Amino acid sequence: MSGRFLRAFPCPPDIIRPVDGLLVILAGLAALGGAIQVLRSFGPRFRVGRLLAAAPSVSVAEAIDLARSGGSAYVRIAGRIDSESEFEDAEHRPLVYRRTRYQARINGRWTDFDVSVESVPFEINEGLDHIEVDVTDLDAGLIVVPRETVGVVGDLGDDAPATLARDLPARVVVEQVSSVEHAIVVGVPRRDPEGRVRLSSGLGKPLILSTLEQPESMRILASGSTARPRIAAGLLVIGVALIL
């Protein structure tokens, strides 16, 4: 009976073709590749954000002991900024570091054509302990709220290079650190030739200094964009899911 029933009502052909597993894996790899490209669009600041989140946190006293014992590690400390030789900005705030970038928008990207840095020696205090920060190592690892003035190259007057068109979009970006702020600093504690312990870059990693809480630091590193990090996260999830 069952055989006659099957002959009378043969099984229909597959309506949906089985999906080729290789194609799914390739799609997952493509999604992961897209996520990597989005993250690379942040430049070196993507690496700074990753290091800021991953560095182990130690006290200032522990960082000093590590340097004096001859150890070498990339660590994060936190404390109050202090200096004996601050300088003032236009609003009479005591500063220890100020970087001014003059930029022009070339081929859709803001590009530095001049950078000036003013700094004085400063340290991070935690209780009775303090450690000096190697200000000469600060570069992409500086994370503060930038102050921007936007216009055109012609607005800069004599400060504008003759090689740039006068109507080209331009801006001045000021990044500064005040001695009244608290900071998170990530680096390698080392003893200098005079025996002082300083926090600097090392082990192939940059010196990082942020005057912001970590979520705000990540927003600054992403240049205020929330869309690109979300796209990257979504592509990573999709890629892993497809491969699995």
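Author: Buried means under 20% relative accessible area, exposed means over 50%, and partly exposed lies in between (1.4 Å probe, protein chains only). This is a predicted model: local features need pLDDT of at least 70 and side-chain atom pairs count only at pLDDT 80 or more, while totals for chains, interfaces and linings use all residues. Residues are numbered from 1 along each chain as its sequence is written, and side-chain values use heavy atoms, with hydrogens and water left out.

Reader: Is leucine 203 buried, partly exposed or exposed?

Author: Leucine 203 sits in the loop between β11 and β12 (207–210). Its phi is near 60°, a positive value in a residue other than glycine. Because the relative accessibility of leucine 203 is 48%, the residue counts as partly exposed.

Reader: How many helices and strands does the protein chain have?

Author: Helices (H or I, at least four residues) and strands (E, at least two) are DSSP runs, numbered from the N terminus. By this rule the secondary structure of the protein chain comes to six helices and 12 strands.

Reader: What percentage of the residues of the protein chain count as buried?

Author: The accessible surface of the chain, from the Shrake-Rupley method with a 1.4 Å probe (for residues, only the protein chains shown count as cover), comes to about 14500 Å². Carbon and sulfur atoms hold 57% of that surface. Of the 244 residues of the protein chain, the buried share is 35%.

Reader: Among contacts between residues at least 6 apart in sequence, what percentage join residues at least 24 apart?

Author: A contact means heavy atoms within 4.5 Å. Among the contacts in the protein chain between residues at least 6 apart in sequence, the share that joins residues at least 24 apart is 67%.

Reader: With which residue does arginine 93 form a salt bridge?

Author: A salt bridge is a side-chain nitrogen of Lys or Arg within 4 Å of a carboxyl oxygen of Asp or Glu, and a search of the whole structure finds 12 of them. The closest N and O atoms are 2.8 Å apart, and the partner is aspartate 89.

Reader: How many residues apart are glutamate 118 and arginine 98?

Author: Glutamate 118 and arginine 98 form a salt bridge with their closest N and O atoms 2.9 Å apart. The pair links distant parts of the chain: glutamate 118 is in strand β4 (residues 109–119) and arginine 98 in strand β3 (residues 94–106), and their separation in residues is 20.

Reader: Is arginine 98 buried or exposed?

Author: Arginine 98 touches, not counting residues up to four places away in sequence, several residues, among them Phe87, Asp89, Val174 and Gln176. Because its relative accessible area is 15%, arginine 98 is buried.

Reader: Which parts of the chain does the salt bridge between arginine 198 and aspartate 134 join, and how many residues apart are they in sequence?

Author: The side chains of arginine 198 and aspartate 134 meet in a salt bridge at 3.4 Å, N to O. Arginine 198 lies in strand β11 (residues 197–200) and aspartate 134 in the loop between β6 (129–133) and β7 (138–143), so the pair ties together parts whose separation in residues is 64.

Reader: Is asparagine 107 buried or exposed?

Author: Asparagine 107 is found in the loop between β3 and β4. Its phi is positive, about 55°, although the residue is not a glycine. Because its relative accessibility is 78%, asparagine 107 counts as exposed.

Reader: What distance separates the C-alpha atoms of proline 56 and isoleucine 77?

Author: Proline 56 has its place in the loop between α3 (44–54) and α4, and its relative accessibility of 46% is why it counts as partly exposed. Not counting residues up to four places away in sequence, proline 56 touches Tyr74, Val75 and Arg76. Proline 56 and isoleucine 77 are 21 residues apart along the chain, and the distance between their C-alpha atoms is 8.7 Å.
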